[in-house]
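Student: I have a model open and would like to talk it through with you. Could we go through its side chains and then its overall fold?

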Amino acid sequence: MAKIEKTSPHRGIDFDDFLKEQGVFEEVMSSPKIKKAIRDLGNSLQTEMHEAFAAGWNAFLATHSGLLMAHGIKDFRIGFEEAWAKYWQSRKK
């Protein structure tokens, strides 16, 4: 049975843009406490995604470090931030 993937029309958009699309941006952002809570939540989600990506990256390195060294990649950390940036950009598509 084929898996049907349903993509969100809001995937990758900024939360502010989402609120604007819904017509509630000004109302939601008028409260400093709510505004801070939303910003904190967004930062927390991005941090958790970064940590999950780092865990996957480290698992990849543990499994394929010989292959990377064979190709002359000595410092695995150099590629992490570039890979993270590409991953994050792909989430916006």
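Student: Is Arg39 buried, partly exposed or exposed?
Tutor: In this predicted model, Arg39 has a relative accessibility of 34% and therefore counts as partly exposed, since that class lies between the 20% and 50% limits.

Student: And which side chain does Arg39 meet in a salt bridge?
Tutor: Arg39 is paired with Asp16, with a distance of 3.0 Å from N to O.

Student: Buried or exposed, what about Asp16?
Tutor: Asp16 has a relative accessible area of 16%, so it falls under the 20% limit and is classed as buried. Asp16 sits in helix H1, which covers residues 15-22, and, once neighbours within four places in sequence are set aside, its contacts are Phe25, Met29 and Arg39.

Student: What does Phe25 touch, leaving aside its neighbours within four places in sequence?
Tutor: Phe25 is in contact with Asp16, Leu19 and Lys20 when those neighbours are left out. Phe25 is also one of the five residues of the largest nonpolar core, together with Leu19, Val28, Met29 and Ile38.

Student: Which helix gives that core its largest share?
Tutor: That is H2, which supplies three residues of the core. Helix H2, residues 25-29, also has the highest mean pLDDT among the elements of the chain, at 87, whereas helix H4, residues 76-91, has the lowest, at 73.

Student: Back to charges, then: how many salt bridges are there?
Tutor: The count is two. Besides the pair of Arg39 and Asp16, there is a salt bridge between Asp40 and Lys36, whose closest N and O atoms are 2.7 Å apart. Asp40 and Lys36 are four residues apart in helix H3, so about one helical turn separates them.

Student: How exposed are Asp40 and Lys36?
Tutor: Asp40 is partly exposed, at 36% relative accessibility, while Lys36, at 52%, counts as exposed because the limit for that class is 50%.

Student: Changing topic, how many aromatic pairs are there?
Tutor: There is one aromatic pair, formed by Trp57 and Phe60, with 6.3 Å from centre to centre and 40 degrees between the planes, which makes the pair tilted. Trp57 and Phe60 both lie in helix H3, three residues apart, or about one turn of the helix. As for cover, Phe60 is partly exposed, with a relative accessible area of 36%.

Student: Last one: what is the mean pLDDT of the chain?
Tutor: The mean is 76, and 73% of the residues in the protein chain reach 70 or more.

Definitions and conventions:
Residues numbered from 1 in each chain as written. Predicted model: local features only at pLDDT ≥ 70, side-chain atom pairs only at ≥ 80, totals over all residues. Heavy atoms only, no water. Helix = DSSP H or I, 4+ residues; strand = E, 2+ residues; numbered from the N terminus. Contact = heavy atoms within 4.5 Å. pLDDT = per-residue confidence, 0-100. Core = buried A, V, L, I, M, F, W, Y, C linked by side-chain atoms within 4.5 Å. Buried < 20%, exposed > 50% of the residue type's maximum accessible area, 1.4 Å probe, protein only. Salt bridge = Lys/Arg side-chain N within 4 Å of Asp/Glu carboxyl O. Phe/Tyr/Trp six-rings, centres within 6.5 Å; stacked < 30°, edge-to-face > 60°.
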